[in-house]
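Subject: Structure handover

Hello,

Here is the structure for you to look at. My notes follow below it.

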Amino acid sequence: MSGRNRMDTADESARASDEVESPPELSLDDIYHLLQTKRRRDVIRYVRDGEEPVRLRELAEQVAAWEQGTTVENLSSSERQRVYISLYQSHLPKLDNHGLIDYEKDRGVVEATPQTAQFDSYLEPAREPDPSDQWPRRYAATIALCTLLVGTTAAGLVPVSGLVTTGIVLVAMSVVTGAHAWSTGWLNASDWLDA
């Protein structure tokens, strides 16, 4: 009988340690709630890429730099402080409570947990502006030419009616937008047929 009690106690302690180590299963609503804030997504993205724990100050600076579209060196102290405070008081405790990160508030250290990697499919990579993207220039050129056409038509320099000018502007913008959608794969006929 005493052997049975020892076994029961061992089983209970094993179950208790399993419960402590494995974070609770998150519902899809919980996942979306946790990831609804870009700042929390940036935290997860940053800590999952690091192999070692990161200091809160370093994390806050990088998140602030991403938000401002600049480098850490070019941040103002108020930009750093605003992100630091919100991470310290709100975002990091929430992510820690759900097992997404391990946040040691006293030491100011944050690191990824095994559950952090499960959120990769929900996170888009941090994007830097692509300097080779020509589409903003194409749109700007189209708008400039359309504005020139409208201006010359309004001034009477071009013998075209306003209705024809409007049609030309609409066709030009439609062509550029359609070409952009086609080049990015957004306008793919097979995707529309499958829907």
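The notes go from the whole chain to the sheet and then to one residue.

This is a predicted model, with local features needing pLDDT of at least 70 and side-chain atom pairs counting only at pLDDT 80 or more, while totals for chains, interfaces and linings use all residues. Residues are numbered from 1 along each chain as its sequence is written, and side-chain values use heavy atoms, with hydrogens and water left out.

The chain has eight helices and three strands. These are DSSP runs numbered from the N terminus: H or I of at least four residues for helices, E of at least two for strands. The order along the sequence is α-α-α-β-α-α-β-β-α-α-α. Of the 195 residues, 25% are buried (under 20% relative accessible area, 1.4 Å probe, protein chains only).

The three strands make an open, antiparallel sheet in the order 1-3-2. Strands pair if DSSP finds at least two bridges between them. Strand 1 (54-55) and strand 2 (101-104) are at the edges with a single partner strand each, so one side of each has no neighbour in the sheet. Strands 2 and 3 are joined by four bridges. E104 has V109 in strand 3 as its bridge partner.

T113 sits in the loop between strand 3 (109-112) and helix 6 (135-155). T113 counts as buried because its relative accessibility is 18%. Its side chain reaches the backbone oxygen of G99 at 2.7 Å. Leaving out residues up to four places away in sequence, T113 touches G99, L100, I101 and D102 (heavy atoms within 4.5 Å).

Best regards

Methods. Buried < 20%, exposed > 50% of the residue type's maximum accessible area, 1.4 Å probe, protein only. Polar contact = N/O pair within 3.5 Å; in protein donor to acceptor, adjacent residues only side chain to side chain.
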